[in-house]
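Colleague: Thanks for making time. Could we go through the terms you use for this model, one by one?

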Amino acid sequence: MKAILVDGNKNLVWSEVADPVIRPDEVLVKIHAAALNRADLLQRQGKYPSPAGCPEWMGLEVAGVIEAVGAEVTAWQVGDRVCALLGGGGYAEYVAVKQDMLMPVPKGLSLVEAAALPEAYATSYLNLFIEGHLEAGQTAFIPAGASGLASVAIPMAKAFGARVITSVLSDEIAEKIRPLGADVIINSTTQCVEEILKAEEENGTPVSVSMDCLSGETLGKSLPYMARGGYWVVISTLAGTETTVPLRPLLTKGLHLVGSMLRNRTPAFKAYILSELVKNVWPKIESGAIKPSIYRVLPITEAEAAHGILERCENVGKVVLRVCDTK
């Protein structure tokens, strides 16, 4: 089969690799589409290698059709349309997947749309509802509103009855993401994030949960204006690795500062998250309350161009690689 490898000059090359061999508890998926994540860019740079036992090439979420099942697999059969959460190996024609890392494709979705679900939806659900304990009627702050992850997290939070604040870098970007449904969009170039969050607290709508991929100085400045018992969940540090945290409001308000990564969770816990998605989120996708946001679809042989879209922060929504013709 073929997969996207990184050569010595960090170029992406569609190359011949060995076919995967499935274990008794795995299935063989013929990949029709694979979605991009920022972790792919780090892996390409050598900063985010695949976990032990996973293929060396990139790709954390795919959708396709099962072509073979292991002897211990009971929940799936050949021909099932599935999407899968991977430790790596999605930029390829085939992948071996443990049976509990699979989910059915929601009714009404194409395989291209389904490829954009596993990593982004699992990450959003984990950090909003499991780590953040978000409830209907609360306010969530989800910065970097134009990111592929925010394009999932914002509609997901809204579909479960939350009020959402997000931030972007310009008024132009604010207009592009307005269809996601955020109640407040902060232009962080011209507005002070912490001042807006302070005003929200004074107006009786303080932030109860933040799913923060930026962090940096703004985190410490914003923390004092959270709701009592609030959860600030750090999932990345794109805006900086250091901040000053005022301990008094952390103490008096009983705030929770939480670090969270999906990748380092146990396989059993990841399987639990996926089962929660199918139970709680898939019905909302099938009803149309939540819709996958696809920015652009490119053939797998144009993975270089797809990475460029993420590197330049052009996308509002997910970028997907089409591996073979499909619907």
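**Terms and their grounds**

Modeller: Happy to! Strand S9 (residues 163–168) and S10 pair in the parallel sense over four bridges. This is a predicted model, where local features need pLDDT of at least 70, side-chain atom pairs count only at pLDDT 80 or more, and totals for chains, interfaces and linings use all residues. Residues are numbered from 1 along each chain as its sequence is written, and side-chain values use heavy atoms, without hydrogens and water.

Colleague: What makes S9 and S10 a pair?

Modeller: Two strands pair if DSSP finds at least two bridges between them; S9 and S10 have four bridges, so they pair. Within this pairing, Ser167 stands opposite Ile186 in S10. Strands are DSSP E runs of at least two residues and helices H or I runs of at least four, numbered from the N terminus.

Colleague: Why is the unit of S9, helix H5 and S10 called right-handed?

Modeller: With the strands pointing away from the viewer, a right-handed crossover runs clockwise from the first strand over the helix to the second. The β-α-β unit of S9, helix H5 (residues 171–177) and S10 is right-handed.

Colleague: Why is Lys10 called partly exposed?

Modeller: Buried means under 20% relative accessible area, exposed over 50%, and partly exposed in between (1.4 Å probe, protein chains only). Lys10 has 41%, so it counts as partly exposed. Lys10 lies in the loop between strand S1 (2–6) and strand S2 (12–16), and its phi is near 70 degrees, a positive value in a residue other than glycine.
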